[in-house]
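Have the structure open while you read.

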Amino acid sequence: MKTDVLVVGSLNFDILVKQARLPLIGETFTGEGLLQMPGGKGGNQAVQCARLGLKVNMVGCVGDDLFGTELLNSLKENQVSCIDIKRQGASGLGLVQILQSGDYCSTIIKGANYALAVEDIKDAFFVDAPLVILQSEIAPDVVALTIEKARQFGCTLLLNNAPARDIERALLNQIDYLVVNETEASFMLGYTVETPQQALKAAHALRSEVRKAVIVTLGEKGSVVVADDENGHFPAVKCAAVVDTTGAGDSYIGALAYGIIKRLPLADSIAFASQVSAFSVQNYGGQGSFPYINDLQPCVA
């Protein structure tokens, strides 16, 4: 099947607790509400790509349980191809705490995501997939093989190294676009990255390791990009109220993928991604808060 984007990655069912603050050690703290919805970085990025009108094929693994059924249903409802998603074991889970500021903390239970194995990665996935998106919520050997296959078939590669893990230099050198947030950049470089100036320094340090561009996202502080034809800080798009930042980074990557497929200048792609992620933080949850292309028509190039 001809696709625009192949996403090889994670699918987690998210359980979100709204609460004023994090509990102290040993404290029992009362939450304010509970939300349950499909998520996972791979699933989220696939859905945002599809909502922007791209043809998306998702490769992953969900559990043979009710959570797995819900995850598949959400992808299908968003027109993401699920024919290459297998079912095995118990689904991955995301336990998310949403604070009053809109910030969040999350704990991931790997579950079926690590049942996706190297033998599940087929050559046929890459034949008609101009862009391949990866994250780090699946097994490292699967990520490594996907990178090698994508390079073999001439696909453009976007790696979101989240949650951050060590990436062999030989693999990192095959990545076209590396996208990390400040925490992940700090892990990869061994020093603190918090400000736009520090993020630019980090992006420059990582630029020599990848083929095209490094993007460091900074939440409300915007993002920075270092590439051959672009170098600088892009402020975040202001919005009326930040309700929940869960999935905002995934929404950003889905929009960046749109720009890559549509061959927009990188600066325009970054600006568009900032607009899309700003839209997403104004509602609760991940996939359900992501905009459709018609929601953004005035700002689409």
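For residue classes, Ala, Val, Leu, Ile, Met, Phe, Trp, Tyr, Cys and Pro count as nonpolar, Asp, Glu, Lys and Arg as charged, and the others, Gly among them, as polar. On that basis, the lining of the largest pocket splits into 21 nonpolar, 20 polar and nine charged residues. This is a predicted model, where local features need pLDDT of at least 70 and side-chain atom pairs pLDDT 80 or more, while totals for chains, interfaces and linings use all residues. Numbering runs from 1 along each chain as its sequence is written, and side-chain values use heavy atoms, without hydrogens or water.

A pocket here is an open set of points on a 1 Å grid where a 1.4 Å probe fits, with protein on both sides within 12 Å along at least five of seven lines; lining residues have an atom within 4 Å of a point. Volume is the space filled by probe spheres set on the points, which are joined across faces, edges and corners.

| Pocket | Volume | Nearest the centre |
|---|---|---|
| Largest | about 1,400 Å³ | Y104, N181, T245, A248 and G249 |

As for the helix pair, the crossing of α6 and α7 is left-handed, meaning the near helix is turned anticlockwise from the far one by less than a right angle.

Technical notes: Helix = DSSP H or I, 4+ residues; strand = E, 2+ residues; numbered from the N terminus.
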